[in-house]
Structures are given as C-alpha cells and as structure tokens.
Amino acid sequence: MRDDEILGRIKALVDEEHDLRDRLMAGELATDEENARVKELEAALDRCWDLLRQRRARRGAGEDPDGASARPASQVENYRQ
C-alpha cells in the first residue's frame with residue numbers, strides 16, 4: 001500500500017468516526033453501538049498510522065518503504081504519540 005493510499009484510508013476512517021458521533025448526537029445510534037465501532041476504528045487508525053510511520057522511517061533510512069508491513073492491532077494500540 002502506498003503512502004497516499006494509507007492517507008486515504010486514514011481520512012475515510014476519520015470521516016466514519018465523525019459520522020458516527022454525529023449520528024449519536026442526533027439520536028440515530030445507540031451509545032453502545034457507537035462505542036463498539038469507534039473502538040474498531042481506533043484500532044484500524046493505529047495500524048494505518050503505524051504502517052505510514054514505518055514506510056517513512058524506511059524511506060528516511062534509504063530502504064524500500066514497500067518492505068514495511070501492517071502490524072497487528074494488539075501490537076500498535078496504545079502507542080504513545
């Protein structure tokens with residue numbers, strides 16, 4: 001996956017998160033439904049950001065960014081930013 005594809009995925013995930021919060025505020029979605037999906041979105045975002053950082057680090061080190069790979073959510077969740 002190229003950087004621009006990862007950034008596009010990040011944008012789509014953030015847009016979905018905003019939509020969920022809007023739907024919750026409008027009473028169209030139950031809190032537990034919103035919370036469950038937001039947790040999924042946050043894990044997906046963590047993985048995307050991690051992959052993008054790996055690619056940038058590899059590029060900065062003169063390595064092939066395509067050598068980076070997505071890591072499991074359990075490994076990248078709760079990283080300190």
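Me: Where do I start with a predicted model? What is the mean pLDDT of the chain?

Reply: Start with confidence. Where pLDDT is low, the predicted coordinates should not be read in detail. Here the mean pLDDT of the chain is 91. A value of 70 or more is reached by 95% of the residues.

Me: In which helix is confidence lowest, and in which is it highest?

Reply: Confidence is lowest in helix α3, residues 73-76, with a mean of 87. It is highest in α1, at 95.

Me: Next, the fold. How many helices and strands are in the chain?

Reply: List the elements in sequence order. The chain has 3 helices and 0 strands. The pattern along the sequence is α-α-α.

Me: How does the radius of gyration compare with the globule rule?

Reply: For 81 residues the globule rule gives 12 Å, and the chain has a radius of gyration of 15 Å. That is well over the rule, so the chain is more spread out than a compact globule. The C-alpha trace spans about 50 × 25 × 20 Å along its principal axes.

Me: What share of the residues counts as buried?

Reply: Of the 81 residues, 26% count as buried. Look at contact range too. Among contacts with a separation of 6 or more, 55% join residues 24 or more positions apart.

Me: Now the helices. What span should α1 have, and how far apart are its ends?

Reply: Helix α1 covers residues 3-25, which is 23 residues. At 1.5 Å a residue it should span 33 Å. Its end C-alpha atoms are 33 Å apart, so the two values agree.

Me: What about the span of α2?

Reply: Use the same test. The 30 residues of α2 should span 44 Å at 1.5 Å a residue. The end C-alpha atoms of α2 are 42 Å apart, which agrees.

Me: Which residues of α1 are buried?

Reply: First, the general idea. An α-helix has 3.6 residues a turn, so residues three or four places apart point the same way. In α1, the buried residues are Asp 3, Ile 6, Ile 10, Leu 13, Glu 17 and Leu 20. They pack against α2, residues 31-60.

Me: And what covers the buried residues of α2?

Reply: The cover includes α1 and α3. Among the buried residues of α2 are Glu 34, Val 38, Leu 41, Asp 50 and Arg 55.

Me: Which residues form the largest nonpolar core?

Reply: It has 12 residues: Ile 6, Ile 10, Leu 13, Leu 20, Leu 29, Val 38, Leu 41, Leu 45, Cys 48, Leu 51, Leu 52 and Ala 68. Both α1 and α2 supply at least two residues of this core. The largest share, 6 residues, comes from α2.

Me: What lies around Arg 55?

Reply: Beyond four places in sequence, Arg 55 is in contact with Met 1, Arg 2, Asp 3, Ile 6, Pro 65, Asp 66 and Ala 68. A polar atom of the Arg 55 side chain lies 3.3 Å from the backbone oxygen of Met 1.

Me: Why does Gln 54 count as buried?

Reply: Gln 54 counts as buried because its relative accessibility is 16%. The side chain of Gln 54 makes a polar contact with that of Asp 50, at 2.9 Å. Residues up to four places away aside, Gln 54 touches Ala 68, Ser 69 and Arg 71.

Me: And Arg 58: how accessible is it?

Reply: Arg 58 lies in α2. Its relative accessible area is 26%, so Arg 58 is partly exposed. Neighbours within four places aside, its contacts are Glu 63, Asp 64, Pro 65, Gly 67 and Ala 68. Arg 58 and Ala 68 are 10 residues apart in sequence and 7.5 Å apart in space, C-alpha to C-alpha.

Terms used. Residues numbered from 1 in each chain as written. Predicted model: local features only at pLDDT ≥ 70, side-chain atom pairs only at ≥ 80, totals over all residues. Heavy atoms only, no water. Helix = DSSP H or I, 4+ residues; strand = E, 2+ residues; numbered from the N terminus. Expected span 1.5 Å × (residues − 1). Buried < 20%, exposed > 50% of the residue type's maximum accessible area, 1.4 Å probe, protein only. Contact = heavy atoms within 4.5 Å. pLDDT = per-residue confidence, 0-100. Polar contact = N/O pair within 3.5 Å; in protein donor to acceptor, adjacent residues only side chain to side chain. Core = buried A, V, L, I, M, F, W, Y, C linked by side-chain atoms within 4.5 Å. Rg over C-alpha atoms; globule rule 2.2 N^0.38 Å.
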